[in-house]
Amino acid sequence: MGKINLVRVDDRLIHGQVMTKWSKGLGTNALYVIDNETASDEFMKDIYINTNSSSGLKIQVYSNQEVVEKWNRDQFGKDNVVLLFKYIASVKEVVEQGLPVTRLNIGGVSKKGEAQFVIPTVALTETDVDHLKSLDAKGIEIFFQTVPDSKKVPLMDGLKTIKK
């Protein structure tokens, strides 16, 4: 049975911080990109998957539904994975479908519209906040952190920075 080492939301998906900081030291051998749009784009999917030759990590790209099906089928086999999501809503969706997430790192969410920053790399909309509160109510530890050596901000501390 595989192991989920880290679940992270970062709308940039795979980039240097993920490859050099977050995936190292956890015994990680695979990185799964979870994004419906990327999973349906064969060109982008190939780009991500072919990154594995230079990183040493097995890289797979799944839609929200596909990652749940993979977990239900073989609990990720022998993969010790970092699950990398583009959207908080996607994490909520897969959790509601039974993916066992116990900790969630929010590390990179670009500012859109009325979104407000909780840390310099994460801007949340009201909908994002609602999704995070729903996940928190399920007992998931949620924290904001850009890289492992930066300050870890618990969900409720981060949400205090949002102006009503």
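Helices here are DSSP runs of H or I with at least four residues, strands are DSSP runs of E with at least two, and both are numbered from the N terminus. With that in hand, welcome to a short tour of this predicted model.

Most residues other than glycine have a negative phi. Gln75, not a glycine, has a positive phi of about 45°, and for Phe76, again a residue other than glycine, phi is positive and near 65°.

**Accessibility at a glance**

The table gathers the residues for which a relative accessible area is at hand.

| Residue | Relative accessible area | Class |
|---|---|---|
| Glu37 | 55% | exposed |
| Lys133 | 38% | partly exposed |

**A negative patch**

Which residues form the negative surface patch? They are Glu37, Asp41, Glu42 and Asp46. One of them, Glu37, sits in helix H2, which covers residues 36-39. Glu37 is exposed because its relative accessible area, 55%, is over 50%.

**Strands E5, E8 and E9**

Strand E8 (residues 141-144) takes part in two pairings described here. Its partner in the parallel one is strand E5 (residues 103-108), and four bridges join the two. In this pairing, Arg103 stands opposite Glu141 of E8. The other partner is strand E9 (residues 153-154), which pairs with E8 in the antiparallel sense over two bridges. There, Phe143 faces Pro154 of E9 as its opposite residue.

**Lys133 in helix H7**

Our last stop is helix H7, spanning residues 126-137, which holds Lys133. Lys133 counts as partly exposed because its relative accessibility is 38%, between 20% and 50%. How far is the C-alpha atom of Lys133 from that of Trp71? The two C-alpha atoms are separated by 24 Å, and the residues lie 62 residues apart along the chain.

Conventions
Residues are numbered from 1 along each chain as its sequence is written. This is a predicted model: local features need pLDDT of at least 70, side-chain atom pairs count only at pLDDT 80 or more; totals for chains, interfaces and linings use all residues. Side-chain values use heavy atoms; hydrogens and water are left out. Patches are made of residues with over 30% relative accessible area and no salt bridge: like charges are joined within 9 Å, nonpolar side chains (Val, Leu, Ile, Met, Phe, Trp, Tyr) within 5 Å. Accessible areas come from the Shrake-Rupley method with a 1.4 Å probe; for residues, only the protein chains shown count as cover. A salt bridge is a side-chain nitrogen of Lys or Arg within 4 Å of a carboxyl oxygen of Asp or Glu. Lys and Arg count as positive and Asp and Glu as negative; His and the chain ends are not counted. The place of a charge is taken as NZ of Lys, CZ of Arg, CG of Asp or CD of Glu. Buried means under 20% relative accessible area, exposed over 50%, partly exposed in between (1.4 Å probe, protein chains only). Two strands pair if DSSP finds at least two bridges between them.
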